[in-house]
Amino acid sequence: KTIWYTRQEMLRQGLLTPATHFLQIDTDVIPSNEQIDKLLSYDEDFISGYYQDTMKNPCVIKNNNYYLGKGVEEVDVLSMGFSLMKREVAEEIEYPEPSPSNKIDADTEFCNLVRKAGFKIKVDFDLCAPQLLLGKF
């Protein structure tokens, strides 16, 4: 099983607890303790720090393009590898299977559903976390 299944199952299991937020950090994204604390300090529906994919593109999309902003900005799609989501988002929207099915995650599909449900998606571009596989593929 791939990342999409893990994200889906972690949110399902999380909803069985009294947690108010869900923090997700991929194994190849290494934020500092200070970056995690900063992310946890926000009162946002769905927010992430910033990192790049293995091709050195920002893992953020705005207006159908890769996007690198400044400070905290609303975006269309974030990558959930360093993200914090309020419980209400996970209660309303189940993390979907990807389309096409051979994709490793469904973060884009999930973000589209989050926005459609009226929740805000934001990225703090000051929280740039190292991505261990950057440039490895």
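Me: How many aromatic pairs does a search of the whole structure find?
Reply: The search finds 5 aromatic pairs. Rings of Phe, Tyr and Trp (its six-membered ring) pair if their centres lie within 6.5 Å; planes under 30 degrees apart count as stacked, over 60 as edge-to-face and the rest as tilted. This is a predicted model, where local features need pLDDT of at least 70, side-chain atom pairs count only at pLDDT 80 or more, and totals for chains, interfaces and linings use all residues. Residues are numbered from 1 along each chain as its sequence is written, and side-chain values use heavy atoms, with hydrogens and water left out.

Me: What about tyrosine 50 and phenylalanine 125: why is the pair tilted?
Reply: Their ring planes stand at 50°, so the pair is tilted, with the centres 5.9 Å apart. Tyrosine 50 belongs to strand S2 and phenylalanine 125 to strand S8, so this pair ties together parts that are 75 residues apart in sequence. Helices (H or I, at least four residues) and strands (E, at least two) are DSSP runs, numbered from the N terminus.

Me: Is phenylalanine 125 buried or exposed?
Reply: Phenylalanine 125 counts as buried, at 7% relative accessibility. Tyrosine 50 is buried too, at 6%. Buried means under 20% relative accessible area, exposed over 50%, partly exposed in between (1.4 Å probe, protein chains only).

Me: And why is the pair of tyrosine 67 and phenylalanine 125 edge-to-face?
Reply: The planes of the two rings are at 75°, so the pair is edge-to-face; the centres are 5.8 Å apart. Tyrosine 67 sits in the loop between strand S4 (65-66) and strand S5 (72-74), 58 residues from phenylalanine 125 in strand S8. Tyrosine 67 is partly exposed, at 24% relative accessible area.

Me: Which residues form one aromatic cluster?
Reply: Phe46, Tyr95 and Phe110 do.

Me: Which residues in helix H4 are buried?
Reply: In H4 (residues 107-116), the buried ones are Asp107, Glu109, Phe110, Cys111 and Val114. Their cover includes helix H1 (3-14), strand S2 (46-50), helix H3 (87-92) and strand S8 (121-128). Just after H4, glycine 118 has a positive phi of about 95°.

Me: New topic: what is the strand order in the open sheet of 3 strands?
Reply: The order is S4-S3-S6, with antiparallel pairing. S4 and S6 are the edge strands, each pairing on one side only. Two strands pair if DSSP finds at least two bridges between them.

Me: How many bridges join S3 and S6?
Reply: Strand S3 (residues 60-62) pairs with S6 over 2 bridges, in the antiparallel sense. Valine 60 has leucine 78 in S6 as its bridge partner.

Note on methods
Contact means heavy atoms within 4.5 Å.
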